[in-house]
Amino acid sequence: MGKAAVLYEIIYETVTSEGNDLSVELLCKIAGVSRSGYYYWVKTIPDRQRQEEEDRADFKLILIAYNHRGYSKGARGIYMCMLHMNPPVIMNLKKIRRLMKKYRLECPVRRANPYRQMQKAIKTSNYADNLLLREFEKYGPRMVLLTDITYIPYDYDEVAYLSVIMDAYTKQVLAYVLSESLEVDFVKETVEILVRNHGVSLHKETIIHSDQGSHYTSTTFIRIMNDVNIRRSMSRRGNCWDNAPQESFFGHMKDHLMERISGATRYSEVKFAVDDYMDYYNNERYVWDLAYLSPNEFYDYVMTGKYPLNIPNPPKPPRYDKKPEDLGKKEESKADKAADDICS
């Protein structure tokens with residue numbers, strides 16, 4: 001509400017109050033506003049009341065989307081969640097942002113992740129070449145898989161460890177394992193889950209890209225990768241961009257999880273929260289750049305060409321412009337080298 005509108009409201013309340021003897025002319029003169037402006041403000045009171053009723057009704061829909069599954073969202077997340085309502089609700093982003101600001105609904109801001117860099121206790125020479133070169137989305141689904149491990153602290157000094165494999169193109173989490181200890185075997189188990197649940201959709205050119213941590217240079221990991229015929233690819237040491245989508249996933253996940261597990265005292269509570277988030281992420285966390293779909297919906301859309309939402313002007317089917325046999329053959333671009341200079 002602007003300054004003039006506030007003054008008009010004060011004048012209106014004064015004029016309509018019982019026992020008032022002050023005239024509109026005098027009150028407007030004291031407030032420094034025009035009588036014509038005041039009378040126009042009074043005339044449009046019904047219009048503002050109708051607008052307020054509409055805003056409240058729309059904000060109720062925004063709140064439903066914001067609180068869906070218990071995970072807060074920004075304006076884009078709310079927009080996409082509303083598209084998935086039955087029937088779909090189409091509300092433009094400008095309006096969503098206006099109502100969020102009006103009713104002071106805020107999305108938590110991403111915090112710096114103090115656990116992004118893990119300590120590498122064991123160093124080996126079993127490094128693999130960087131076959132990916134940051135071309136995360138050039139080759140289509142099940143071609144580029146990203147993997148990493150992160151810490152999840154809870155109960156003051158307890159820590160759980162999460163190993164994840166995700167599809168760089170569809171952003172699906174294909175396999176994950178939560179562990180109470182930092183053992184190499186839980187990384188091996190993550191690969192076994194991947195092969196068991198998604199092995200038929202993998203290609204002979206598929207790569208799993210990781211950092212140079214000890215888990216990914218261990219003989220156990222190398223052996224299982226050879227056994228399942230999946231190629232290894234590794235980020236360059238100290239590079240801040242080579243596994244960026246995986247880092248981003250962990251950052252967003254922790255933003256959602258930390259409040260939920262802040263009071264957790266048992267590992268089982270952390271596991272329940274992680275399992276719930278993974279289900280939400282794959283099936284109901286809608287992504288703007290995935291045609292407003294969740295990762296699982298987007299994968300089905302890519303494979304079938306059938307858009308699942310009944311909305312006007314649906315996005316065109318996604319395309320990818322690189323052949324599988326090209327993966328790992330591209331030379332480092334000037335843009336990549338420039339990004340390296342930023343990180344160094």
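Colleague: Which residues make the nonpolar surface patch of about 280 Å²?

Modeller: That patch is made by Leu22, Leu26 and Ile30. Keep in mind that this is a predicted model. Take isoleucine 30, which belongs to helix α2, residues 24-31.

Colleague: Is isoleucine 30 buried or exposed?

Modeller: The general idea is that exposed means over 50% relative accessible area. Isoleucine 30 has 63%, so this residue counts as exposed.

Colleague: On to the rings, then. How many aromatic pairs does a search of the whole structure find?

Modeller: The search comes up with 20 aromatic pairs. In one of them, the ring centres of tyrosine 277 and tyrosine 280 are 6.1 Å apart, with the planes at 55°.

Colleague: Why is the pair of tyrosine 277 and tyrosine 280 called tilted?

Modeller: You read the angle between the planes: under 30 degrees is stacked, over 60 is edge-to-face, and the rest is tilted. An angle of 55° therefore makes this pair tilted. Both residues sit in helix α11 (residues 267-284), and because they are 3 residues apart, about one helical turn separates them. Tyrosine 277 is buried at 1% relative accessibility, and tyrosine 280 is buried at 2%.

Colleague: In which sense do β1 and strand β4 pair, parallel or antiparallel?

Modeller: To read a pairing, look for bridges between the two strands. β1 and β4 (residues 207-210) are parallel, with 3 bridges. For example, leucine 145 has isoleucine 208 in β4 as its bridge partner. β1 and strand β2 (residues 158-167) run antiparallel and are joined by 10 bridges. There, isoleucine 149 is partnered by serine 163 in β2.

Colleague: What do β1 and β2 form?

Modeller: They form a hairpin, with 3 residues between the strands. In the turn, aspartate 155 has a positive phi of about 50°.

Colleague: And charges? How many salt bridges does the count come to?

Modeller: Side chains of opposite charge can pair when their charged atoms come close. The count here comes to 15 salt bridges. In one of these, the closest N and O atoms of glutamate 52 and lysine 102 are 2.7 Å apart. That pair links distant parts of the chain, with glutamate 52 in helix α4 (residues 45-66) and lysine 102 in helix α6 (residues 93-102), 50 residues apart. Glutamate 52 is partly exposed at 24% relative accessibility, and lysine 102 is partly exposed at 36%.

Colleague: Which residues are linked with Glu52 and Lys102 in a network of salt bridges?

Modeller: Asp55, Arg56 and Arg98 are in that network too. Elsewhere, aspartate 58 and lysine 95 meet in a salt bridge of 2.5 Å, N to O. Here too distant parts of the chain are linked, since aspartate 58 is in helix α4 and lysine 95 is in helix α6, 37 residues apart. Aspartate 58 is buried at 16%, whereas lysine 95 is partly exposed at 27%.

Key:
Residues numbered from 1 in each chain as written. Predicted model: local features only at pLDDT ≥ 70, side-chain atom pairs only at ≥ 80, totals over all residues. Heavy atoms only, no water. Patch = residues over 30% accessible without salt bridge, like charges linked within 9 Å, V, L, I, M, F, W, Y side chains within 5 Å. Areas by Shrake-Rupley, 256 points an atom, 1.4 Å probe, with all protein chains shown as cover. Salt bridge = Lys/Arg side-chain N within 4 Å of Asp/Glu carboxyl O. Helix = DSSP H or I, 4+ residues; strand = E, 2+ residues; numbered from the N terminus. Buried < 20%, exposed > 50% of the residue type's maximum accessible area, 1.4 Å probe, protein only. Phe/Tyr/Trp six-rings, centres within 6.5 Å; stacked < 30°, edge-to-face > 60°.
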